[in-house]
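Below are a few notes to read alongside the model, arranged as numbered points.

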Amino acid sequence: MAEPEQVDVVVVGLGVGGEEVAGRLAEAGLSVVGVERDLVGGECPYWGCIPSKMMIRAANALAEARRVDGLAGTAEVRPDWAPVARRIREEATDNWDDRVAVDRFVGRGGRFVRGSGRLTGPGRVQVGDQVFQARYGVVLGTGTRPTVPPIDGLAGTPYWTNHQAVEVTELPESLLVLGGGAIGLELSQVFARFGVRVTVVEALDRVLAVEEPEASEVVAAALRADGVEIHTGVRAERVGHDGQRFTLSATGGAEFTAERLLVVTGRRAHLEELGLDSVGVDAGQRYLPVDDRMRVADDLWAVGDVTGEGAFTHIAMYQAAIVIADILDRARHARAGADPSGTASVVGGAMGAASSLSASGSSGSAGTVPRADYRALPRVTFTDPEAGAVGLTEEQARARGINVQVGFTKLGSSTRGWIHRVGDEGFIKLVADADQGVLIGATSVGPAGGEVLSGLVVAVHAAVPLSLLRHMIYAYPTFHRAIEDALRKLS
Ligand SMILES: Cc1cc2nc3c(=O)[nH]c(=O)nc-3n(C[C@H](O)[C@H](O)[C@H](O)COP(=O)(O)OP(=O)(O)OC[C@H]3O[C@@H](n4cnc5c(N)ncnc54)[C@H](O)[C@@H]3O)c2cc1C
């Protein structure tokens with residue numbers, strides 16, 4: 001085995017979170033090794049957020065064109081998947097090639113190593129026959145992979161995950177979607193709008209089960225209007241494939257067939273691959289637990305989906321900012337200790353980066369490291385209508401024993417909703433803590449549900465008093481003006 005090479009930081013997994021941490025630390029002057037076994041950038045740009053939102057943009061254009069009738073004349077719509085597939089291949093993913101991302105990282109001063117990284121001791125990472133010893137620590141940004149449920153017969157079939165769904169160039173005639181969460185619903189609506197016969201099978205009693213039940217209802221109705229068949233409370237028991245078609249047998253004797261099967265039942269971190277036992281961390285957990293500075297153990301941080309704090313790119317980026325500040329803080333202290341005069345030129349840019357984060361949180365060891373706070377975690381399901389939510393749902397708030405008030409208003413009863421007419425399905429639902437007089441959760445479903453959400457995120461994040469929210473001015477006639485009505489209805 002090679003002698004360990006001394007570096008400042010090793011980042012294993014250059015997805016959204018890891019790439020940000022590695023790039024910013026390298027830019028700040030630390031010697032950083034970034035390890036990635038697949039594509040730099042991870043799931044989001046190649047098989048997740050970006051290509052799926054390109055698909056949604058195209059499908060929504062079709063839906064809008066179909067709404068011309070009765071509003072603005074007539075429109076004839078002939079869907080064609082070719083421009084969507086081309087855009088994903090050429091604009092989003094460079095044909096699933098990460099050369100640009102690798103060059104960007106190297107251009108920021110990082111050292112790139114292609115391969116699988118594994119801890120072999122505190123601060124020590126092995127990649128093939130190379131071993132790196134990190135002075136300040138190791139960051140794990142290894143993400144998750146799709147879970148494949150243990151359904152009889154499934155493993156041997158050519159089922160799709162989100163990868164094949166995003167890479168598809170020729171659409172199937174029919175598609176079974178196993179899983180009615182955000183990803184399953186977004187992709188179902190896209191394919192249905194392009195003419196695929198889509199059937200969703202969900203084991204729970206409603207789709208989008210983590211959000212408010214009203215959001216599930218509106219989104220399910222919208223998908224059904226697009227021709228999607230939705231079966232809830234149906235548990236898949238067996239999958240077969242005869243070379244041409246899939247057959248899915250479910251509880252109660254139900255049977256579904258389709259040309260393709262998309263499995264989107266969740267994702268899982270693969271901790272068993274990371275050598276965590278060498279640093280005394282239990283690899284038998286579902287995710288890597290982190291503290292509010294993303295620390296897993298001494299000299300070990302984690303960032304992104306692997307932490308289990310929310311599988312969103314914005315969580316990975318938020319956590320990355322904290323990790324960067326914490327490591328820079330450590331580097332500054334270590335170097336100041338080595339140079340008691342304090343005149344060592346410690347990563348000049350790094351100091352700036354660390355202190356620029358200082359305003360947003362409570363103190364770290366030097367008063368500069370922000371702490372993670374997920375109270376106002378926003379999430380958006382990009383169906384049409386979009387379902388945006390922040391903070392607690394009504395049920396979660398009640399389960400915590402909070403004295404809850406709820407305000408609800410339909411978008412269609414707002415002036416803008418009425419003007420919008422076709423496609424105006426949606427609502428605002430507010431969840432308030434009556435004792436504190438603040439919002440602790442909100443849901444915004446509608447044509448721009450994710451955008452309308454932003455004001456509600458500020459309200460929850462900053463704990464803006466309800467009295468202030470009631471006496472601010474809401475532009476007329478916007479969708480977000482429905483928030484004012486929902487505030488009025490809080491009871
Ligand atoms: C279809 C789909 C749509 C989505 N849409 C959205 C959206 O609209 N908005 C949103 O916020 N989020 C969305 N997400 C979620 C988002 O993609 C993830 O939250 C985000 O990619 C997480 O980033 P990450 O850095 O934690 O991990 P990943 O992006 O998963 O990156 C982890 C990287 O680590 C690498 N790796 C793993 N183990 C090792 C190892 N041992 N050695 C070296 N490399 C390793 C992997 O190859 C991978 O590249 C979507 C996801 C999917 C699947």
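1. Let us start with the disulfide, which here means a pair of cysteine sulfur atoms within 2.5 Å. Please keep in mind that this is a predicted model. By that rule the count comes to one disulfide. The bond joins Cys44 to Cys49, with an S to S distance of 2.3 Å. Because the cut-off is 2.5 Å, the pair qualifies at 2.3 Å. The angle about the S-S bond is -135°, and the link of Cys44 and Cys49 is left-handed.

2. Are the two cysteines buried or exposed, or something in between? Cys44 has 12% relative accessibility, so this residue counts as buried, the limit being under 20%. Cys49 has a relative accessible area of 27% and is therefore partly exposed.

3. Next, the charged pairs. How many salt bridges does a search of the whole structure find? The search finds 37 salt bridges. One of them joins the side chains of Arg37 and Glu273, at 3.2 Å from N to O. This pair links distant parts of the chain, 236 residues apart. Arg37 sits in the loop between strand S2 (32-36) and helix H2 (43-47), while Glu273 sits in the loop between strand S15 (267-268) and strand S16 (295-297). Arg37 is partly exposed, with a relative accessible area of 46%, and Glu273 is partly exposed too, at 26% relative accessibility.

4. Glu212 belongs to the loop between strand S9 (197-202) and helix H8 (213-225), and Lys429 to strand S21 (residues 427-433), so the pair ties together parts that are 217 residues apart in sequence.

5. The side chains of Glu90 and Arg89 meet at 3.7 Å, N to O. Glu90 counts as partly exposed at 48% relative accessibility, and Arg89 counts as partly exposed at 29%. Which residues are linked in a network of salt bridges? The network is made up of Glu64, Arg67, Arg193, Asp226 and Asp384.

6. Now for a sheet. Strands of a sheet pair through backbone hydrogen bonds, either parallel or antiparallel. In this model, three strands form an open sheet in the order S11-S12-S13, and their pairing is antiparallel. At the edges are strand S11 (236-241) and strand S13 (255-258), each of which pairs on one side only. On average, neighbouring strands of this sheet are turned by 15° against each other, direction ignored.

7. Which residue in S13 is the bridge partner of Leu248? That partner is Phe256.

8. Aromatic residues come next. A pair of aromatic rings is described by the distance of the centres and the angle of the planes. The structure holds six aromatic pairs. Among them is the pair of Tyr46 and Trp47, which is tilted, with 5.8 Å centre to centre and 50° between the planes. Tyr46 counts as buried at 5% relative accessibility, and Trp47 is buried with a relative accessible area of 8%.

9. Trp160 and Phe191 also form a tilted aromatic pair, 6.4 Å centre to centre with 50° between the planes. Trp160 lies in the loop between strand S7 (145-146) and helix H6 (162-167), and Phe191 lies in helix H7 (residues 182-193), so the pair ties together parts that are 31 residues apart in sequence. Both Trp160 and Phe191 are buried. Ring pairs link Trp81, Trp160, Phe191 and Phe194 into a cluster.

10. Finally, a charge over a ring. Where does the charged end of Arg416 sit? This end sits over the ring of Phe479, 4.6 Å from the ring centre.

Conventions. Residues are numbered from 1 along each chain as its sequence is written. This is a predicted model: local features need pLDDT of at least 70, side-chain atom pairs count only at pLDDT 80 or more; totals for chains, interfaces and linings use all residues. Side-chain values use heavy atoms; hydrogens and water are left out. Buried means under 20% relative accessible area, exposed over 50%, partly exposed in between (1.4 Å probe, protein chains only). A salt bridge is a side-chain nitrogen of Lys or Arg within 4 Å of a carboxyl oxygen of Asp or Glu. Helices (H or I, at least four residues) and strands (E, at least two) are DSSP runs, numbered from the N terminus. Two strands pair if DSSP finds at least two bridges between them. Axes are lines fitted to C-alpha atoms, for helices over the stretch in contact, and angles run from 0 to 180 degrees between N-to-C directions. Rings of Phe, Tyr and Trp (its six-membered ring) pair if their centres lie within 6.5 Å; planes under 30 degrees apart count as stacked, over 60 as edge-to-face and the rest as tilted. A charge sits over a ring if NZ of Lys or CZ of Arg is within 6 Å of the ring centre and within 35 degrees of the ring normal.
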